[in-house]
Amino acid sequence: MKFSKIISITLIIIMLLYIVLSSFEGLGNISYAGQNISIEEAERMAPGITSLVNNLRNAHPNYNFQFYNTGIDWNEAILREYQGHGASPKNLFNTSNSYSGMWYCPVCGTKNYDNGSLCCASMDALRYMMDPRNSITENSVFQFKSLEAPDVTYEDVVRVIAGTFLDHEECARAVVEASQKYNINGYYLVAKMLTEHGKNGSTLSNGVQVNGVTYYNFFNIGAYGNGVQAIITNGANYAASKGWNSKAASIIGGAEFAKSSYVGKGQNTCYYQKFNVVNTESGLFSHQYAQNILAAENEGSKLRANYIINGQVTGNHTFIIPLYSNMPQTAQARPSTATQNRISYETAVVTANGGLKVRSRQDINSAHIGSIPQNTGVKVLIRAASQNNGYYWDLVIADSSGLCGYVARNYIRKTGEGSNAGSSSPTEYVPSNPTPTPNPSNPTNPKPSTPTEVNETTLRIVNESLQVSANMTLADLKVKYPNAVVKDGNDKLGTCSKVTIDGKDYDVMKKGDVNGDGDVNILDTVAILNHIKETNKITNVAKLEAAKIKCEGSITVTDVVALLNYIKETTADLKIK
Ligand SMILES: [Zn+2]
């Protein structure tokens with residue numbers, strides 16, 4: 001009796017959710033063909049760049065510049081970075097006297113993210129930080145330095161780690177070994193570790209015991225979570241899973257991760273690690289090392305400081321300068337701190353039946369970067385003055401997701417006016433230490449998800465099929481297969497996605513992910529119910545397997561109940577057998 005009641009209530013909830021959520025679509029991805037170009041061509045794309053380069057070359061004749069046309073439209077790059085408002089913005093800054101006013105995103109205003117002093121960055125701030133012409137200077141150019149060369153000797157490393165938590169012979173030798181083994185800049189490795197743990201180190205660099213063995217995680221890999229304790233536990237477990245039971249093992253293992261995940265994937269400068277405009281395999285504009293909009297600049301400065309210590313700043317350095325199509329004639333000026341970033345906007349609601357597609361430019365042929373569900377409120381930031389492809393393309397931000405992009409005006413209905421006062425009282429922020437310690441609630445490290453142990457109940461390869469449990473993520477998979485790559489580029493394991501391991505392709509079956517979007521949620525229960533009711537039969541073999549939650553022969557309502565229990569109990573996993 002109780003059982004059937006639960007099911008009928010559940011069915012009603014599911015049907016309601018189905019109506020609301022059926023408009024969701026996967027994010028579109030567009031591939032860009034980047035290429036190296038001459039300085040003359042770079043000058044045509046970004047006027048003024050030659051004289052900036054020549055200034056530095058005059059002072060440092062051994063500086064070598066490469067110019068790379070990303071193939072990406074400038075405004076599109078800014079838009080793709082200007083995302084996540086209200087939820088988790090891609091670009092944050094620490095408010096201070098130097099960073100206020102026009103640095104604030106006019107939509108988010110002084111809303112704090114994470115720890116109270118981080119705010120969402122404006123488009124002007126993005127234009128300023130991303131335009132290479134603002135950073136081809138003595139102080140900032142090292143954010144473009146190619147990280148693909150070892151570059152350091154043991155003595156060099158000893159000098160730069162003096163007085164830090166890395167000041168041990170074991171660490172210095174490990175940095176040199178790791179840099180040579182993975183052909184990766186040794187100072188960069190040092191800078192990364194100091195960024196993660198501060199000058200004096202922190203819990204994960206001092207070592208944490210797991211099952212009686214002390215493990216180290218010098219790069220904070222896998223160290224994320226809700227609260228300090230969760231961050232430490234996850235980071236320690238990750239280190240244990242990798243066997244990092246010595247400082248040296250952690251340094252060499254961390255370098256391997258940096259190489260296989262970033263430097264070896266085209267993200268071979270500090271700039272590219274912050275603004276991913278090159279690594280299509282891992283997903284452009286995602287797979288970024290930090291939310292801090294100053295991350296590239298800060299890490300480049302640390303790199304340069306190490307060369308200064310060793311008297312090598314004027315040596316042989318290769319800088320890779322990114323360029324975009326349709327860049328402005330002159331670079332964006334530094335956003336004013338005196339002027340407040342205020343905005344008035346219309347509010348509107350999406351009327352499109354089934355959701356409204358959001359595009360990266362005012363063009364029906366531009367990348368489809370997401371959808372806004374019907375009846376969702378939006379803020380209209382810029383109203384189009386003229387039509388393109390028969391539509392007025394207005395720039396909007398969705399209230400629910402913070403998704404920002406262009407939509408056809410026919411499919412939104414005006415509801416009113418709104419405004420944001422911007423930075424009325426920016427909070428003062430004074431760094432207490434020139435080497436910032438990582439903020440536990442906003443770690444800058446890459447985020448492999450909750451570690452799921454790889455064993456026969458969570459991972460199985462059958463011919464061309466890679467079967468994984470519901471909790472398994474790409475990061476977990478990489479524990480066993482470091483070269484594993486998701487081919488569609490969004491780093492998500494989903495049913496019917498393709499994963500390449502050591503050059504061989506596999507079709508993924510993820511238990512519970514029946515609709516193949518990579519997540520296991522209520523939409524998957526809807527898909528199973530539709531299959532049972534025969535309103536939308538599942539025919540795909542992988543999806544059928546994903547729907548067999550109870551791992552029994554046929555798919556029944558007990559699978560739906562089991563899946564609902566899983567969704568509710570986020571701690572358990574859905575095993576593959
Ligand atoms: Zn914002």
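Modeller: Quick ground rule before you ask: strands pair if DSSP finds at least two bridges between them. Helices (H or I, at least four residues) and strands (E, at least two) are DSSP runs, numbered from the N terminus. This is a predicted model, where local features need pLDDT of at least 70, side-chain atom pairs count only at pLDDT 80 or more, and totals for chains, interfaces and linings use all residues. Residues are numbered from 1 along each chain as its sequence is written.

Biologist: Which strands are the edge strands of the open sheet?
Modeller: Three strands make up this open sheet, with mixed pairing and the order β1-β2-β8. An edge strand here pairs on one side only, and that picks out β1 (35–37) and β8 (317–325).

Biologist: Which residue in β8 does Phe-67 stand opposite?
Modeller: Strand β2 covers residues 63–73, and it runs parallel to β8, with eight bridges between them. Across from Phe-67, over in β8, you'll find Ile-321.

Biologist: What angle does helix α4 make with β2?
Modeller: Helix α4, residues 74–81, packs on the sheet and touches both β2 and β8 (contact: C-beta atoms, placed from the backbone, within 7 Å). Axes are lines fitted to C-alpha atoms, for helices over the stretch in contact, and angles run from 0 to 180 degrees between N-to-C directions. For α4 against β2, that gives about 80°.

Biologist: Is α7 parallel or oblique to α8?
Modeller: Helix α7 (residues 169–181) and helix α8 (residues 186–197) have axes that come within 8 Å and cross at roughly 125°. Under 35 degrees is roughly parallel, over 145 roughly antiparallel, 65 to 115 roughly perpendicular and the rest oblique. So α7 against α8 is oblique.

Biologist: Which residues in α8 do Val-175, Val-176, Ala-178 and Ser-179 meet?
Modeller: Those four residues sit in α7. Their partners in α8 are Gly-186, Leu-189 and Val-190.

How values were computed. Contact = placed C-beta atoms within 7 Å.
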